[in-house]
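Here's a quick tour for anyone meeting this structure for the first time. Have a look at it below before reading on.

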Amino acid sequence: VERSRGLGDVYKRQKLYLLLVINEAGIPLISHSFTEEEMIDEVLVSGLISAIINFSSEVLGKGEETLRSINHEGKAVIVEKRGNVMGILVAEDENFEMRLELRQFLQRALDKLVSEQPIVRENDSEIISIIEEVFEKK
């Protein structure tokens, strides 16, 4: 899925790769790939994000603020925390619109998430419907 980068750059589209929602232990609750061409290991990404957040908490001190994004070699990992879960969106680049969409998704999907729930893939029509409404709108 490709998204617009903003009002000033309407014709330039941005690619989305992966959406993850993880619990406090770093276990993926939701995993959704936006592309068939490049598979990203959701367990690896969630483990990496959890490790970085734990490291930064130890080094920088524990607080309400947490890691917000990582940019590396043409990809951005956007992180949003809501309650006891974290939303992770892997995209071509980071922008404010995408962060708002990730927040909106978490707000709408949060009541459907239970921390013991297994990874949700293409079989949960309610979650897939929310993903399509939030991220895949044309």
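What follows covers a pocket and a pair of helices. This is a predicted model, where local features need pLDDT of at least 70, side-chain atom pairs count only at pLDDT 80 or more, and totals for chains, interfaces and linings use all residues. Residues are numbered from 1 along each chain as its sequence is written, and side-chain values use heavy atoms, leaving out hydrogens and water.

**The second largest pocket**

- The second largest pocket holds about 290 Å³ of space (a pocket is an open set of points on a 1 Å grid where a 1.4 Å probe fits, with protein on both sides within 12 Å along at least five of seven lines; lining residues have an atom within 4 Å of a point).
- Twelve residues line this pocket, and Ile 40, Val 45, Leu 48, Val 77 and Val 90 sit closest to its centre.

**Helices H2 and H3**

- The axes of H2 (residues 96-109) and H3 (residues 125-135) come within 10 Å and cross at roughly 155°, so H2 runs roughly antiparallel to H3 (that label is for angles over 145 degrees, on a scale from 0 to 180 between N-to-C directions).

Methods:
Grid points are joined across faces, edges and corners, and a volume is the space filled by probe spheres set on the points. Helices (H or I, at least four residues) and strands (E, at least two) are DSSP runs, numbered from the N terminus. Angles under 35 degrees count as roughly parallel, over 145 as roughly antiparallel, 65 to 115 as roughly perpendicular and the rest as oblique.
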